[in-house]
Amino acid sequence: MEGNILELKSLGHSYNGRDNAIKDISFDIKTTGVVGLLGSNGAGKSTTMNIICGVLQQTDGEVFVNGVSMQDNFFEIKKLIGFLPQKAPLYPDLTVDEYLKYTGHLRRMKLQEIKLRMPLVKELCGIEHYSRRLIRNLSGGYQQRVGIAQAIIHDPKLIVFDEPTNGLDPIQIKEIRKLIMEIGKEKAVLYSSHIMQEIAAACTEIKMIEKGTLVFDGSMKNFNQVIESNVLEAKMLKAPSLQELKQIEGILEVRKTDSNTYEFDFEDTATSERIIQLSIEKNWKLQEINIVEPSLDDVFAHFSNSKTHTKK
């Protein structure tokens with residue numbers, strides 16, 4: 001557990017005593033960095049996050065934060081965690097300063113501590129110029145920044161974000177993502193999303209939950225390498241007919257994607273060598289040939305339909 005801020009051991013939860021929302025989930029998170037919690041809607045991400053944040057009591061397993069079991073010292077552990085749920089818990093009739101003071105008091109911070117933290121948090125979140133503005137008058141992106149500010153006002157060691165870019169426009173998404181990555185330089189961040197591209201853009205580590213179980217635990221790099229490609233792309237200036245190309249040994253299907261480019265579905269690794277050799281023999285004028293890497297969505301779909309638990 002050394003070097004980890006969070007460790008889950010065989011975590012499980014059942015809402016009705018029969019069906020498991022999550023089952024036997026175990027993973028850990030280091031003290032800094034942004035870790036993605038990926039999964040389809042209904043996969044069990046929210047249940048897992050609510051248990052980590054102390055909002056929900058698990059039916060099985062244990063949660064350790066900073067090496068201490070949450071069951072042994074619940075209130076002290078809660079001080080180490082910041083949480084931004086999918087719908088930010090904002091009070092629109094309060095100003096930004098009033099709201100941050102209020103959330104500081106909720107976390108049992110002393111007034112002097114709140115006064116010291118507020119300028120730092122507002123500067124980090126880019127809301128220092130809106131201190132006296134009513135929250136209801138802020139844009140969606142700046143309201144989300146205020147939501148992030150309340151999650152870090154008490155200087156927690158672990159911050160959990162549930163779909164933090166949901167409902168924002170592309171510019172706002174980019175800004176919030178940049179802010180979260182900045183926080184991750186000094187804190188541990190658990191970033192939950194069902195959108196593969198969001199996780200890929202912000203995270204280097206991924207924990208993926210599907211149907212209540214952990215199906216992947218590893219690096220973004222290893223996640224991308226899970227599926228072996230069976231598609232080749234070749235550019236030929238004097239290619240023969242699709243029918244002739246399909247007769248090449250090891251080729252399952254051929255598609256013409258533009259005037260000189262073809263995609264080949266293949267079944268063995270020697271196929272590219274055969275295409276190269278035939279191009280030389282028959283003067284097809286092969287310009288380039290490459291393996292088409294699976295998309296992130298392909299990998300996501302693979303794990304969504306798999307029971308494999310990978311840890312690397």
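Analyst: Two strands pair if DSSP finds at least two bridges between them. Helices (H or I, at least four residues) and strands (E, at least two) are DSSP runs, numbered from the N terminus. The model is predicted: local features need pLDDT of at least 70, side-chain atom pairs count only at pLDDT 80 or more, and totals for chains, interfaces and linings use all residues. Residues are numbered from 1 along each chain as its sequence is written, and side-chain values use heavy atoms, with hydrogens and water left out.

User: How many bridges join S1 to S2?

Analyst: Seven bridges join strand S1, residues 4–14, to S2, and the two run antiparallel. Across this pairing, Glu7 stands opposite Asp28 in S2.

User: What is the strand order of the open sheet?

Analyst: The order is S2-S1-S4-S5, an open sheet of four strands with antiparallel pairing. Strand S2 (20–30) and strand S5 (68–69) are at the edges with a single partner strand each, so one side of each has no neighbour in the sheet.

User: Which helix lies across S1, S2 and S4?

Analyst: That is helix H1, residues 45–52, which lies across S1, S2 and strand S4 (60–65) and runs at about 120 degrees to S1. Contact means heavy atoms within 4.5 Å. Axes are lines fitted to C-alpha atoms, for helices over the stretch in contact, and angles run from 0 to 180 degrees between N-to-C directions.

User: Is H1 mostly covered or mostly open, and which of its residues are buried?

Analyst: H1 is mostly covered, with six of its eight residues buried. Buried means under 20% relative accessible area, exposed over 50%, and partly exposed in between (1.4 Å probe, protein chains only). The buried residues in H1 are Lys45, Thr47, Thr48, Met49, Ile51 and Ile52. Just after H1, Gly54 takes a positive phi of about 80 degrees.

User: Back to S1. Is Ile5 buried or exposed?

Analyst: Ile5, which lies in strand S1, is buried, with a relative accessible area of 2%. Leaving aside neighbours within four places in sequence, Ile5 has contacts that include Ile29, Phe64, Val65, Leu158 and Ala188. By contrast, the C-alpha atoms of Ile5 and Ser241, 236 residues apart along the chain, are separated by 60 Å.

User: Which way do the residues of S6 point?

Analyst: Ile81 and Phe83 point one way from strand S6 (residues 81–84), Gly82 and Leu84 point the other way, and all are buried. In a regular strand the side chains alternate between the two faces of the sheet. S6 pairs with strand S7, residues 158–162, in the parallel sense over four bridges. Phe83 stands opposite Val160 in S7.

User: Now the backbone. What is the phi of Arg108, and of Lys285?

Analyst: Arg108 has a positive phi of about 60 degrees although it is not a glycine. Arg108 is found in the loop between helix H3 (96–106) and helix H4 (111–125), and at 65% relative accessibility Arg108 counts as exposed. Lys285, also not a glycine, has a positive phi of about 55 degrees. Lys285 is in the loop between helix H10 (271–282) and strand S14 (286–291), and is partly exposed at 36% relative accessible area.

User: Lastly, which residues make the nonpolar surface patch?

Analyst: Tyr91, Tyr102 and Leu106 make a nonpolar surface patch of about 310 Å². Patches are made of residues with over 30% relative accessible area and no salt bridge: like charges are joined within 9 Å, nonpolar side chains (Val, Leu, Ile, Met, Phe, Trp, Tyr) within 5 Å. A salt bridge is a side-chain nitrogen of Lys or Arg within 4 Å of a carboxyl oxygen of Asp or Glu. Accessible areas come from the Shrake-Rupley method with a 1.4 Å probe; for residues, only the protein chains shown count as cover. Tyr102 is found in helix H3 and is partly exposed, with a relative accessible area of 32%.
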